[in-house]
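Here is a short report for a reader new to this structure. Look over the sequence and the model first.

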Amino acid sequence: MKLSARIAAPVTALVLAGLTATACAPQTSNNKAGRDDRSGTLRVWLFQEVDNAPKKQIVDAAVAAFEQRNKGAEVEVEYIPVDTRAQRVKAAFNDPKSAPDLIEYGNTDTAGYVKDGGLADITAEFGAWADAEDTDPTAKSSVTVDGRIYGAPLFVGVRALYYRTDVFKELGLTAPKSQAELISTAKKIHKAKPDLYGIAVGGAYTYGAAPFIWANGGELATANGSTYTSAINSEAARKGIASYTSLFGDDNCPAAKCAQMGGNATVTAFASGKAAMAIGGDFSHAAVEAGAVKGRYGVVPLPGVTAGSIAPAFAGGNNLGVMKSSSHRTLAVDLMKSLAGKETQGKLFDAMGFLPTYTDIRAEAARKEPFVKPFIDSLAAGTKFVPASPGWGQIDASLVLPTMFQEVVSGRKDVKTASDDAAKKMDAAFAAAGR
């Protein structure tokens, strides 16, 4: 699962007394539990944040409003550690009696959870929900499997290009407007300042590398009906792989140091003053602000191949889903709408920096906090998501793409051989998953 970290925004004084109730009571739907109780206790699992107090405050307000309009219903919220989520969720799928009614989950887990039979199909309720009309298409795709809806997007995370304004000014450089310019600029900086990486890149940074593949017209995989086939060894994808891996070497980021780095390590290198550029998320802001480069950096969208274009970025984030085993289906859907609705998402942005999944609420967020504009511009330019297959979880966990990048940057394999080998591994995972 790919989870987005968070912007550490100051906790503002929030007016939480009255989260708006849904416009009308939710309709009853059938479920596997065979019951749809309108009273009793609903159990909710949400992810524990590093600083959980602001999130808890907002959730508590939404829960209070929910309980006010649903007399006889009570909600118990448990904040679970992210690093033990897989075991907890798997156990819940295997033992419905101990399972919660509503869960927060990483958006790359949707297909796997649907295959495991854990999430309820809420297509009808989502379609009738007024707020959902303004959900951005990529966020909606993260809760969609085979055309059916299995949850509500809670927030999105996206990456852009951080760069050192002081270094660029000293060397007479401007923020790169194309990927070719990005590569040449990185090498110019490292040549002028050998103690700096021109841009910090990581061989284990899948979601930093993917925009290079997408910008060159490549894809991770292609869909054929309900099945997926790897596309990582297409000619277009290979151009992107070659472009990204050209940033590894003694003229920018030595493979011996950078091949094993992931996204967090590249951001740390930038924040500590060891790199002039890095690909980081809206959620990296807190780390950079706390680092040595505070007040000496800017952010622009990661450029595409054509000058002035924006490379497609991976849309990460989290969703909320109703468990198929819930005996409170209608109430659980109502609570999901409260927690993932526009008003709550606006408050989560103010308190936590979570980027809203609604286009109108996101535009308001950009007006409040100018820093997020490059990330919102990246979202508006078009984002990409991982294949909606349960096989993706195995591909991600097996480090198929990081292995491919590392094989290239180490010189063990050329781009063609490494991408062909990665494609075979991906296709085996898709086949084993059945789609």
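In this predicted model, helix H9 (residues 235-245) packs against H19 at an angle of about 120 degrees. Their axes lie 10 Å apart. H9 passes H19 in a right-handed crossing.

Which residues meet where H9 and H19 touch? From H9 come Arg238, Ile241 and Ala242. From H19 come Val415, Lys416, Ser419 and Asp420. By class, this contact has three nonpolar, one polar and three charged residues.

Next, the nonpolar cores. The largest holds 61 residues. Within it, Ile199, Ile232 and Met277 touch the most other members. Helix H19 (residues 415-433) supplies the largest share, seven residues. A second, separate core also exists, and Val44, Val89, Ala99 and Ala152 are among its members.

| Core | Residues | Members include |
|---|---|---|
| Largest nonpolar core | 61 residues | Ile199, Ile232, Met277 |
| Second, separate core | 53 residues | Val44, Val89, Ala99, Ala152 |

Now to Thr165. Thr165 sits in helix H6 (residues 165-171). Is Thr165 buried, exposed or partly exposed? Its relative accessible area is 31%, so Thr165 is partly exposed. Thr165 touches Arg296, Tyr297 and Gly298, not counting residues up to four places away in sequence. Thr165 and Arg296 are 131 residues apart in sequence, yet 5.5 Å apart in space, C-alpha to C-alpha.

How values were computed:
Residues are numbered from 1 along each chain as its sequence is written. This is a predicted model: local features need pLDDT of at least 70, side-chain atom pairs count only at pLDDT 80 or more; totals for chains, interfaces and linings use all residues. Side-chain values use heavy atoms; hydrogens and water are left out. A nonpolar core is a set of buried Ala, Val, Leu, Ile, Met, Phe, Trp, Tyr and Cys residues joined through side-chain atoms within 4.5 Å. Buried means under 20% relative accessible area, exposed over 50%, partly exposed in between (1.4 Å probe, protein chains only). Helices (H or I, at least four residues) and strands (E, at least two) are DSSP runs, numbered from the N terminus. Contact means heavy atoms within 4.5 Å. Axes are lines fitted to C-alpha atoms, for helices over the stretch in contact, and angles run from 0 to 180 degrees between N-to-C directions. A crossing is left-handed if the near helix is turned anticlockwise from the far one by less than a right angle, and right-handed if clockwise. Ala, Val, Leu, Ile, Met, Phe, Trp, Tyr, Cys and Pro count as nonpolar, Asp, Glu, Lys and Arg as charged, and the others, Gly among them, as polar.
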